[in-house]
Structures are given as structure tokens and as C-alpha cells.
Amino acid sequence: MNRGAFVKGVLMALAAMALGWVASKTVASALVMTLLAQSCFYALFALGVGLLIRQNGMVSFGHAAFFGLPGYLIGIGLKQTDIPIELLIPLVVLAVTTFAFLVGLVFVRVHGIAFGMLTLAIGQAVYEASTRLRGLTGGHDGLTIKFPRELFGLPLKTFQQPHGMFLIAWCVLVIVVTLVIWLAHSRLGRLTEAIRENEERAGFLGYRTLWPRAVIFAISAATTAAGGVLFALYNAYISPETVYWTSSGSALIMAVLGGSVAPWGPVLGSMVYFFLKEALGDVTTHWLGIIGISLIVVTVSFPQGLSGLAMRLLGLGARRRHADS
Amino acid sequence: MPILEARAVSKAYGGFLALDNVNLTVEPGEIRALIGPNGAGKSTLIDVLSGRARGHAGQVFFQDAEITPLAPWARRLKGLARSFQKTSIFPALSVRAQLELAARKAEAGGDVGETLAEFGLEGVAERPAGAIGYGDQRRLDLALALTGRPSLLLLDEPAAGLSFEESMKLAKALREMANRRGVTVLLVEHDMEVVFAIADTITVLQLGKVLAEGPPAQVRADPRVVQAYLGSAA
């Protein structure tokens, strides 16, 4: 990435954060802010899933494990150790990322359904652990996380009020999206895209193809874990439902809905999903059915998702391809 | 000292013995053609030499060092490149992006602009490779293999799918390229016009064994080769 593109990325990120700040100051509705904050958590979740699809061409059915593990690990860490929360949070994200990298070294050797089943297995293993290790996790009752009154120099209530959390989550989301876009244009991004396209050829160009895919799997898990940390901070509670496979399914729906042609596609998908869910929930209890039909329509009519459609409408497709080169 | 040597290589697929105790020596700078009827084991031998086919008997040496246990990526880093019978590119990446990717791992570096010009791909440099013409894709395939100036290039049917004129043009380009870059070439080819136009030495395989080997004129005159493969093509 050249200097101009770097500066442009930073400026756009700062502008997006400023927009979030304006929204947090002007939107009075706590409900809207709650929805926006939650959609940010799940946008990070879906961004991880979408990153894996975009760079590795792999569909995960178990990313809920990486979304829920941070909450459990923070809760247990606060209860069992004296590690300060400011250190504990990065340690937890690092632990989840390392775990994902090690798991990825095994999982990314296979493709398609086999990969999907392996991720489902790890997700369900985490779910089973969360229900059976009652002493640590609270079992089906879930785990209440006892945060200290102050985190990173801010009062805890800042993280647990809709307006405060929205602004924090939005800024984290903007930073992570910017990093994901940079990743897509980086050497690693180019290489993994090439491996996704033609792994054998990449090997015959002199590239080892296992490690880069495992690194992407780990980065994808870290992205999802960032959403999990925010989720835990906001709710101060985590339960087995968070790591259940249906949670992975929801993130996958968001990622597919948004599309992976643009790195930010899953974010759009999660925002649409959340507001569609909220709007439909007021009208009918069968909102999930309508979302399902919408997903079928989008998948069949716009295989590149809403982001692909948006880029086509804005005439960005051709420009992006040129920019990519 | 040969640049490439296969010693007693055998490879079986299930009960089918595709290569049976094959010995092959390729000298630096030569263009060697591997010919033979379908099922003779030509592509299998290229796969064994490039590391694509594993689980074979025998040994493979490259520049006097054994490379039998090495994966394709490690062989490529030593200077052994290959192209494929079916065009093998990255369809979604632009032509330039994938040549940059190839240049990054190249043992002697690689000037992408120079490569684009050399292979006549400047006009399609910014287009996704999947959207360019078949002839351009074949040239891109070759350019990917040659980026970074490897010492040895294995080509599996480079003229497959090309017309007579295109094949002869390719033969001429390959000859010039080999002379210019000093690269050794081992190619599998069915088109005898191409083979006799560029090969210094020809190895004939039949049923997984070496049937004959020598300069084109000698091979063309060998009655065993005529009977087994060339027939009226000679």
C-alpha cells in the first residue's frame, strides 16, 4: 500500500469515528443506541467470519467459540486471578488468537464440508465445556462477569450504557475494518487470495500454503474475539447460548448477506440483519423466516451480497479491480 | 554435471505402473522433449520431477543435490519451475498482481514490467487473469513459471489447445527464450512439429519405460519409435 492510500485510509477512519461521535451525541433513543452497539459487536463477529471466506475461501460454523471464549476467560480470570483487567483483556485476545492459530494449522489442511465440520466440532466442544464445567463457567446458568469499577481509566458504566458503549464499539469496529482492508491489500492478503484461487500454483511459485491460511484463521478469530470482548464488557454476562452453533450460524448469515467481495461487506450485513430483525420483530414473531427468505433472495440474485450490489450500483467494481492491481 | 537427474524412478497408481525404473539425465542449457503415446508416463515423470507426485521409488537430483523429499515450493526456491498442461493461473487476481507475487519469491528477483513486455502482456496487465484471452493466459502461465529466472523449466504440453500457427510461434518463442535466459527446458509435447523444431534431445517413453533417447534425427529414424509412436507423423 502506498503512502497516499495509507493517509486516505487513516483520514476515512477518523471521519467514520467522528460520525460515530456525532451519532452518540445526537441520537437520544437508548434502544437505537443499544441496537447499534450490539450490531457493532456482531459486525466484528461477522467480519471475522467474512475475512475467512474472503481470504481463505473457507466457511466456519464454529466461530461462536472465538466470540464467547473471551467473555468466559475474562470472567474466570477476574474471579481466579489478580491480573489487572487492562492486561487481562489483551492476554485473553492473544490466548484466543494463539489457540485459533494452532487449531488452524490442523483445520486449514482440509477444505469445504470437512473444514466446516471441524469448525463446528470445535465450536460445539467449547459449548459442551461451557455447560459441563459448572464450577468455572456457571453451566447453563451462565457466568456473571465482575468487572472492576474502572477500566482503562473510564468508569465501568461508560462501557455498560448504550451511548458510551456504542461509541467505543464503533471506534473499535472502524479500526478493525481499516486493518482488515489494509490486510486485504497487504502481501499476506494478496498471497492468501492467490492460495484461495489456486493453491497448487502458489506452491509452484515457491510459497508455503499452510502457514498463511493458518495466520488468516487466527486473525479472523482475533477479529471475532474483539467483538466478544465488547459483548462481555457491555453485558457483564456470558452464557452457553453465545457459543452455541446457532450463534455461528447467525454470524455466517450476516457475512453472506453482506458479501465478501468487499472487506467491509459483513459489517453491512450485520447492520442490515440487526435492524431487519428489530423492525420485523415488531410486526411478526416469524421474523427469522423472513430473514431466511431474504437470505435466499440475496444469495440467488446477488451472489456477491449487499456489498457487491452496492459496489456495482456505485460503479466501484471495476475501479476496485484496478486498485487491487 | 547434469542439471537434473532421475535415478530408477518408478511410480504406480493403484495397480497401474505409470513409471517403471526410469533413468533420465538432462544437461544444462539443453531443450529436452519427452514424447510418447498416451499413458506412456510423460506427465507422471514431470509430476515426479516437480514434486507434485509423491510416494514414488527412486531418486531425483537437481544441480547435484538430492531433492526427492522436497515439496514443490522448496524445489521452486532452488530454481526448478514448471507450467501445467491445463492453464494454471489466479483468475481473480490481475495479471500484474500475480506476476508481482511470483517476483517476490523469485530467487533472482524479477522485474514485473520487463516480464509483461517480454510476454506481450502489457495491454492486459490490469485485468483479472480470468477475463483475458486463452492465448494471453497461456503466456501468463509461462511468465509465472519463468519469473525470477529459474535454472530449469518443466513444461507440460505448452502447445495444448493452440492452432498450428500459434504452436510454431510458441516453439520459436521458447527457443529464443531458452537461448536468451540460458534456461534448461524439459517439455512434454504431443505436437511433433513443435518438438522437432526446438528439441536438442528427445526421450521417448512407452508404457512407463524409456524406449529411445537421442538427437531428433536419430529418434525420428529409430524403427522402434516409428512403430510405437511416430508412425506417419515422422
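**Ground rules.** I am working with a predicted model, where local features need pLDDT of at least 70, side-chain atom pairs count only at pLDDT 80 or more, and totals for chains, interfaces and linings use all residues. Residues are numbered from 1 along each chain as its sequence is written, while chains are lettered from A and ligands numbered from 1 in the order in which they are written.

**Chain B overall.** I started with the secondary structure and found nine helices and ten strands in chain B. For these I rely on DSSP runs numbered from the N terminus, with helices being H or I of at least four residues and strands being E of at least two. How does the radius of gyration of chain B agree with that of a compact globule? Chain B has 17 Å, which agrees because a compact globule with 234 residues would have a value near 17 Å. That radius is taken over C-alpha atoms, and the globule rule is 2.2 Å times the number of residues to the power 0.38. Along the principal axes, the C-alpha atoms of chain B fill a box of roughly 50 × 40 × 35 Å.

I then checked burial and found that 47% of the 234 residues of chain B count as buried. Buried here means 20 or more other C-beta atoms within 10 Å of the residue's own, exposed means 12 or fewer, and partly exposed is in between, with C-beta atoms placed from the backbone. Next came contacts, meaning pairs whose C-beta atoms, placed from the backbone, lie within 7 Å. Of the contacts in chain B with a separation of 6 or more, 66% are between residues 24 or more positions apart.

**Strand pairing in chain B.** I count two strands as paired if DSSP finds at least two bridges between them. Strand β1 (residues 4-13) runs antiparallel to β4(B), joined by five bridges, and B:Arg7 stands opposite B:Gln59 there. β4(B) also pairs with β5(B) in the antiparallel sense, over two bridges; B:Phe61 has B:Glu66 as its bridge partner.

β9(B) then pairs with β10 (residues 209-214) in the antiparallel sense over five bridges, and B:Leu205 stands opposite B:Val210.

**Positive phi values.** Most residues other than glycine have a negative phi, so I looked up the exceptions. Which residue takes a positive phi in the hairpin of β4(B) and β5(B)? B:Gln63 does, with phi near 50°, and the hairpin has two residues between the strands. B:Gln63 counts as partly exposed because it has 16 C-beta neighbours inside 10 Å. In the hairpin of β9(B) and β10(B), again with two residues between the strands, B:Leu207 has a positive phi near 50°. B:Asn21 has a phi near 55° but sits in strand β2 (residues 16-26) of chain B. With 14 other C-beta atoms within 10 Å, B:Asn21 is partly exposed.

**Nonpolar cores.** I take a core as a set of buried Ala, Val, Leu, Ile, Met, Phe, Trp, Tyr and Cys residues joined through C-beta atoms within 7 Å. The largest has 87 residues, and A:Cys40, A:Ala169 and A:Leu173 have the most contacts inside it. Helix α11 (residues 210-235) of chain A gives the most to this core, with 16 residues. Leaving out residues up to four places away in sequence, A:Ala169 touches A:Ala37, A:Cys40, A:Phe41 and A:Leu230. A second, separate core of 74 residues includes B:Val22, B:Ala33, B:Phe62 and B:Phe119.

**A covered helix.** Is α9 (residues 187-197) of chain A mostly covered or mostly open? Mostly covered, I noted, with eight of its eleven residues buried. Among those buried are A:Arg190, A:Glu193 and A:Arg196. The buried residues of α9(A) pack against α2, α8, α10 and α11 of chain A together with α3 of chain B.

**The contact between chains.** I finished here, with 21 residues from chain B and 18 residues from chain A. On the side of chain B that touches chain A, α2 (72-77) and α3 (95-104) of chain B are the elements giving two or more residues. α3(B) gives the most, with five residues.

Definitions and conventions
Contact = placed C-beta atoms within 7 Å.
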